[in-house]
Amino acid sequence: MTEIFLSLIGFGNVGRGVATILLEKAERFKNKYGLKFRVISISDSKATIWDESGIDLREALMVKEAFESLDKWVHQMSPLEVVKEVESDVVIDVTNDMNAWKWHMEAFRHGRHVVTSNKPPLVFHFTELIQEAYMRRANYRFEATVMAGTPIITLLQESLLGDDILRIQGVLNSTTTFILSQMEKGLSFEDALRNAQKLGIAERDPNMDVSGMDAAYKAVILHNVAFYPVSFEEVRVKGIGEISMKDMEEAKKKNKTIRLIAEIRKGEVSVEPKAIGRDSPLALYGTQNVAVIETDLLGKLVIRGPGAGIRETASAVVSDTIKAVREDLEVGAWNM
Ligand SMILES: NC(=O)c1ccc[n+]([C@@H]2O[C@H](COP(=O)([O-])OP(=O)(O)OC[C@H]3O[C@@H](n4cnc5c(N)ncnc54)[C@H](OP(=O)(O)O)[C@@H]3O)[C@@H](O)[C@H]2O)c1
């Protein structure tokens, strides 16, 4: 049995989802992988709890539920101090902090692996982060940043290694899919957005989704993995704010529908609403995401699955955490 020490930074939806899965599946991880995870620090935006002997995750979940913040419990310690001082094997960043890349860098410098669902570090600091991780022989895993638990990053990183990727087209943001499908049924943009907010599909501030920025972040990450790092300034982004009922009607007459489509080619990234045939794999409904990957050898490959959700995102974070430490372990120790 190998004991793995974890620092969890972010204890919101995804962070609590990860903690819950670690609790629920502790026996399975012991039996299947010979791994015992011990969470030794948890941080939210106000405080950090830190216990080298392992935090009682049930108690941590209860404190957060009851008081909404961990500062009722203990340390005033920033994430930067956590990655320096807490002796964890893996730092899990499930915050939405734009400056989290600094914690990732520092974690690598201290020889720790990093797993994250937080997009901006991968969009704006990809090269330096990948280089630092490589130099320090640390693993950097970020499956959850694109299409939640649907493993498109692993697919691009670990398969198709002899193929040239010609193009990736994807629907990478489910809030916009929901709004556009409601508009197709005759609702105005404003009413569709209100419905999305009521159902918890759109955030209270829906600007990142509606403006196309969230999809653009994800498209940049896919470009960075499939080709090479691209600058975010080079991305052409148009959101769905200007789509009218008339546009929807026009598309309908041609047996088409409008979706926010990300298109990625070598050196080119764009996100914009496009009319697409109803029989296209891109003509999605609900909260799924899809990507159509075109390569010279394989032709077209379609990967479709959940693009958001707590357990769906935590699935990728937990899987990445196992992968991050797996390479340090002996393969023979695994029970299949
Ligand atoms: N939810 C999804 O379906 C989904 C899917 C894919 C990717 N993601 C990404 O996963 C990340 C987490 O999403 P979420 O839905 O869990 O968000 P959330 O519920 O808003 O949780 C964010 C957590 O990060 C903490 N935090 C923010 N800034 C911090 C800082 N400087 N130091 C320490 N903690 C900090 C917050 O603290 P407080 O609790 O004190 O506010 C909160 O616990 C985001 O980057 C999101 O884009 C989410």
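Colleague: By class, how many nonpolar, polar and charged residues does the shell around the ligand have?

Modeller: Keep in mind that this is a predicted model. The shell has 13 polar residues, eight nonpolar ones and four charged ones.

Colleague: And which residues come nearest to the ligand?

Modeller: That would be G10, G12, D44, S45 and T95, out of the 25 residues around the ligand.

Colleague: Which helix gives the largest share of that shell?

Modeller: Helix 1, residues 13–24, with three residues.

Colleague: OK, new topic. What is the strand order in the open sheet?

Modeller: The six strands run 3-2-1-4-5-6, and the pairing is mixed.

Colleague: In which sense do strand 1 and strand 4 pair, parallel or antiparallel?

Modeller: Parallel, over four bridges between strand 1 (residues 2–9) and strand 4 (residues 90–93). As one example, L6 has V90 in strand 4 as its bridge partner.

Colleague: Now the largest nonpolar core. Which residues have the most contacts inside it?

Modeller: L8, V18, V39, I92, A219, V220 and V317, in a core of 96 residues. Helix 12 (residues 213–226) gives the most to this core, nine residues.

Colleague: Why does the core lie between domain 1 and domain 2?

Modeller: Because both give residues to it: domain 1 covers 2–148 + 311–333, and domain 2 covers 154–307.

Colleague: What is V18 in contact with, leaving aside neighbours within four places in sequence?

Modeller: V18 is in contact with L8, I92, V94, A314, V317 and V318.

Note on methods: Residues numbered from 1 in each chain as written. Predicted model: local features only at pLDDT ≥ 70, side-chain atom pairs only at ≥ 80, totals over all residues. Core = buried A, V, L, I, M, F, W, Y, C linked by C-beta atoms within 7 Å. Buried ≥ 20, exposed ≤ 12 C-beta atoms within 10 Å, placed from the backbone. Helix = DSSP H or I, 4+ residues; strand = E, 2+ residues; numbered from the N terminus. Domains from an automatic or database assignment. Contact = placed C-beta atoms within 7 Å. Pairing = 2+ DSSP bridges. Near = placed C-beta within 6 Å. Nonpolar A, V, L, I, M, F, W, Y, C, P; charged D, E, K, R; others polar.
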